[in-house]
Amino acid sequence: MPDLVPFEYLLINEEKDDDFSESSTMPTATCLCGACHIVIDSILGTGICHCMTCRKSTSSTFSLNAVTTKDAFHLISGSPKSYGIIGDNGIPSRIFFCGECSSLMWTEYSPRPDLRIVKAGTIDGDDALANEKLQPLVEQYTRRRAPWLCGAANAKQYEGQQDANSEDDKMADVMLQGKE
Ligand SMILES: [Zn+2]
Ligand SMILES: [Zn+2]
């Protein structure tokens, strides 16, 4: 299986930004049954992943991953369960899901224990996905994207996993973040 998405490239924008919504209410994320309740202070960025791990773990076509920091992530209630996986490069990750209804909630990527990769479908609000913080900056493993889906508008496209160390991708980061 391919590696889970580390989304290292989003970290260029690690400055705190609490402007998630016009009401400045902190976003919340809940599972299907409501037992697991998460409050998120801020979101660094969001990306789509079409890798097989995302497809299998979500039982769907792709993941929409919202990256936040451990410090900005607060599990308020619920008793999530987790299981570990190991990617092709041997790097382990852990996937967390509600122990009651089994909704997939977030992933922890072992090289970056300071991050929480929240499955954005858990974020509350009928219009949550309209928020600019949840609009994907990047889309990866597009070679595995369903042929009847189009790429996300304005999202940088990667056939495989984005490489945070390549010069091309560093430039992409700069363009994505609007920084010099
Ligand atoms: Zn639940
Ligand atoms: Zn993935």
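Where is the place of Leu149? In this predicted model, for which local features need pLDDT of at least 70 and side-chain atom pairs count only at pLDDT 80 or more, while totals for chains, interfaces and linings use all residues, that place is the loop between β10 (138-140) and β11. Residues are numbered from 1 along each chain as its sequence is written, and chains are lettered from A and ligands numbered from 1 in the order in which they are written. Leu149 counts as partly exposed because it has 13 C-beta neighbours inside 10 Å; a residue is buried with 20 or more other C-beta atoms within 10 Å of its own, exposed with 12 or fewer, and partly exposed in between, the C-beta atoms being placed from the backbone. The C-alpha atom of Leu149 is separated by 9.7 Å from that of Thr61, a residue 88 positions apart from Leu149 along the chain.

The secondary structure of the protein chain comprises two helices and eleven strands. Helices (H or I, at least four residues) and strands (E, at least two) are DSSP runs numbered from the N terminus. Along the sequence, the elements follow the pattern β-β-β-α-β-β-β-β-β-β-β-β-α. The chain has 180 residues, of which 36% count as buried. Among contacts between residues at least 6 apart in sequence, 59% join residues at least 24 apart, a contact being defined by C-beta atoms, placed from the backbone, that lie within 7 Å.

Strands of a sheet pair through backbone hydrogen bonds, either parallel or antiparallel. Two strands are taken to pair if DSSP finds at least two bridges between them. An open sheet of eight strands shows mixed pairing and the order β6-β7-β8-β9-β4-β3-β10-β11. Its edge strands, each pairing on one side only, are β6 (81-86) and β11 (156-157). Strand β6 runs antiparallel to β7 (residues 92-97), with six bridges between them, and Ser82 stands opposite Phe96 of β7. Phe96 also has a bridge partner in β8, namely Trp106. Strands β7 and β8 (residues 104-109) are antiparallel and joined by five bridges. These two strands form a hairpin with six residues between them, and Ser102 in the turn has a positive phi of about 75 degrees. Elsewhere in the sheet, β3 (residues 45-49) and β4 (residues 63-69) run antiparallel and are joined by five bridges, with Gly45 partnered by Val67 of β4.

An open sheet of three strands, ordered β1-β2-β5, has antiparallel pairing. Strands β1 (28-30) and β5 (73-77) form its edges, each pairing on one side only. Neighbouring strands of this sheet are turned by 25 degrees against each other on average, direction ignored; the axes are lines fitted to C-alpha atoms, for helices over the stretch in contact, and angles run from 0 to 180 degrees between N-to-C directions. Four bridges connect β2 (residues 37-40) with β5, and Ile38 has Leu75 of β5 as its bridge partner.

The largest nonpolar core has 29 residues, of which Ala66, Met105 and Val118 touch the most other members. Such a core is a set of buried Ala, Val, Leu, Ile, Met, Phe, Trp, Tyr and Cys residues joined through C-beta atoms within 7 Å. Two or more residues are given to this core by each of β2, β3, β4, β7, β8 and β9 (115-119), and β8 gives the most, with four. Apart from its neighbours within four places in sequence, Val118 is in contact with Ala29, Ile40, Ala66, Thr68 and Trp106.

Note on methods:
Two residues are in contact if their C-beta atoms, placed from the backbone, lie within 7 Å.
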